[in-house]
Amino acid sequence: MDNDVSAGNSSTSTLGHLALGLTLLAFGIGHTGVIDGVTAADAVSLALYVGGIALFVAGLLEFRAGSGFTGTAFVGLGAFWFTWGTGADAQVSSHAAGLFLLLWALFALSLALGSAGGGLLAQGTYGLLFLGLLLLGVGQFADSDGLGKVGGWLAAVAGLAAWYGATAALAKWPTVLPKRAAGRGVTATG
């Protein structure tokens, strides 16, 4: 690649967040059971190629551009999706599946804490992903479909947040709520 060509920029970040959002939506909706006949296993191809490979490559480009946090998030989550996608057909115990999800929940927690200065959408995406993976993992240990469904909803909402953030960047929509100036809107009576 020519060094004069910009790699790993806001466009790469937008693409990565779109990939994350779509993958989380498919994964989360599959766990909710809200669409008859659609399960999380139906998201394997999307998780493997879009969430795994594309997100991993976007992370490498972010590292190249000097964005350590976004590079870490995308490469790490790309590894998660690739591992989940390639192992989805493997016969493992529910405890092994639960441990896998809980370990990745810790990674998502690190991202949520690390995104403190990155805005509400980033914090919300990674915070909801943490909670979703936590509940999915605990649901595996407890053999609780209810916890799995709630975890799926949280993952789907995290996907919506990532998707909105990326779409807002493309469409130049607002991503923060406007702040009211101090003292405005308050009238003195007396």
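In the predicted model, helix 5 packs against helix 6 (residues 145–171) at an angle of about 160 degrees, and the two axes lie 8 Å apart. Angles over 145 degrees count as roughly antiparallel, and helix 5 and helix 6 are therefore roughly antiparallel to each other. Their crossing is left-handed. By class, the residues of this contact comprise 16 nonpolar, seven polar and no charged.

Helix 5 (residues 120–142) also packs with helix 3 (residues 68–87), here at an angle of about 30 degrees and with the axes 14 Å apart. This angle makes helix 3 roughly parallel to helix 5. Helix 3 passes helix 5 in a left-handed crossing. On helix 3 the contact is formed by F69, A73, F74, L77 and F80, and on helix 5 by Y126, L129 and L133. These residues divide into eight nonpolar, no polar and no charged.

The largest pocket holds about 670 Å³ of space. Its lining consists of 25 residues, and H31, W84, A97, L101 and Q140 lie nearest the centre. Helix 1 (10–32), helix 3, helix 4 (94–114), helix 5 and helix 6 each give two or more residues to this lining. Helix 4 gives the most, with five residues. Twelve nonpolar, ten polar and three charged residues make up the lining of the largest pocket.

The second largest pocket has a volume of about 370 Å³. It is lined by 20 residues, of which S13, H17, G118, A122 and G165 are the closest to its centre. At least two lining residues come from each of helix 1, helix 5 and helix 6. The lining of the second largest pocket has ten nonpolar, ten polar and no charged residues.

Technical notes: Residues numbered from 1 in each chain as written. Predicted model: local features only at pLDDT ≥ 70, side-chain atom pairs only at ≥ 80, totals over all residues. Heavy atoms only, no water. Axes fitted to C-alpha atoms, helices over the stretch in contact; angles between N-to-C directions. Helix = DSSP H or I, 4+ residues; strand = E, 2+ residues; numbered from the N terminus. Parallel < 35°, antiparallel > 145°, perpendicular 65-115°, else oblique. Left-handed = near helix turned anticlockwise from the far one by under 90°. Contact = heavy atoms within 4.5 Å. Nonpolar A, V, L, I, M, F, W, Y, C, P; charged D, E, K, R; others polar. 1 Å grid on protein atoms, 1.4 Å probe; cavity = no way out; pocket = protein on both sides within 12 Å on 5 of 7 lines; lining within 4 Å. Points joined across faces, edges and corners; volume = space filled by probe spheres on them.
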